[in-house]
Amino acid sequence: MLLFIEKIENIIIFYKNGNYYHLISPVMKIIERIVIFIKHKNLSMRAFDMSIGVGNGYTSKQAKTKASVGSDVLERIIEEYPELSPLWLLTGQGSMIIDPKAVSDAIPEYGNDIGRLTQLNTTDN
């Protein structure tokens, strides 16, 4: 049985066989995907803001104005919610939820090597 739940601008949320599904427009902004994730987690925006260490009202304000989300905030979200797919968050592709155990390999720490790699790449051209 398919049950329509709600439509939020370019997002349609529906329920089927015990699961929630989202139909998403390809032109959706990152903040809109963050709002979908917050609803999926049954969190208030205030609770979400607190969990990622941003000021009260940050997510709500960004959502209302469809503003961009800073890279530092995106990093905090990904660190705090390892089940949230970074690919989905940034591009809308793939599944919103991933198995964090399936991606348990640590991301390498590059530190100052990134600058050196960038330098090498620009001198090769």
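The model is a predicted one, so local features are described only at pLDDT of at least 70 and side-chain atom pairs only at pLDDT 80 or more, while totals for chains, interfaces and linings take in all residues. Numbering starts from 1 along each chain as its sequence is written, and side-chain values rest on heavy atoms, with hydrogens and water left out.

Helices here are DSSP runs (H or I, at least four residues), numbered from the N terminus. The buried set is made up of Ile31, Glu32, Arg33, Ile34, Val35, Ile36, Phe37 and Ile38. After α1 comes asparagine 42, with a positive phi near 55°.

Isoleucine 30, also in α1, counts as partly exposed because its relative accessibility is 23%. Contact here means heavy atoms within 4.5 Å. With neighbours within four places in sequence left aside, isoleucine 30 is in contact with Leu74, Leu89 and Leu90. Its C-alpha atom is also 8.9 Å from that of lysine 66, a residue 36 places apart from it along the chain.

Next up is the largest nonpolar core, with 18 residues. Such a core is a set of buried Ala, Val, Leu, Ile, Met, Phe, Trp, Tyr and Cys residues joined through side-chain atoms within 4.5 Å. Residues with the most contacts inside it are Ile34, Phe48, Ile52, Ile77, Tyr81, Leu84 and Leu89. At least two core residues come from each of α1, α2 (45-52), α4 (71-80) and α5 (86-91), and α1 gives the most, with five. In soluble globular proteins, nonpolar side chains tend to be buried together. As for isoleucine 52, it touches Val73, Arg76, Ile77, Glu80 and Tyr81, not counting residues up to four places away in sequence.

Then there are the aromatic rings. Rings of Phe, Tyr and Trp (its six-membered ring) pair if their centres lie within 6.5 Å; planes under 30 degrees apart are stacked, those over 60 are edge-to-face, and the rest are tilted. By this rule there are two aromatic pairs. Phenylalanine 37 and tyrosine 81 form an edge-to-face pair, because their ring centres are 5.2 Å apart and their planes stand at 75°. This pair links distant parts of the chain, 44 residues apart: phenylalanine 37 is in helix α1 and tyrosine 81 is in the loop between α4 and α5. Phenylalanine 37 is buried at 1% relative accessibility, and tyrosine 81 is buried at 7%. Tyrosine 81 also makes a stacked pair with phenylalanine 48, at 5.5 Å centre to centre and 15° between the planes. Phenylalanine 48 sits in helix α2, so this pair ties together parts 33 residues apart in sequence. Phenylalanine 48 is buried too, at 1% relative accessibility. Put together, the ring pairs link Phe37, Phe48 and Tyr81 into a cluster.

Glutamine 62 counts as buried because its relative accessible area is 10%. Beyond its neighbours within four places in sequence, glutamine 62 is in contact with Ile31, Ala67 and Ser68.

Technical notes:
Buried < 20%, exposed > 50% of the residue type's maximum accessible area, 1.4 Å probe, protein only.
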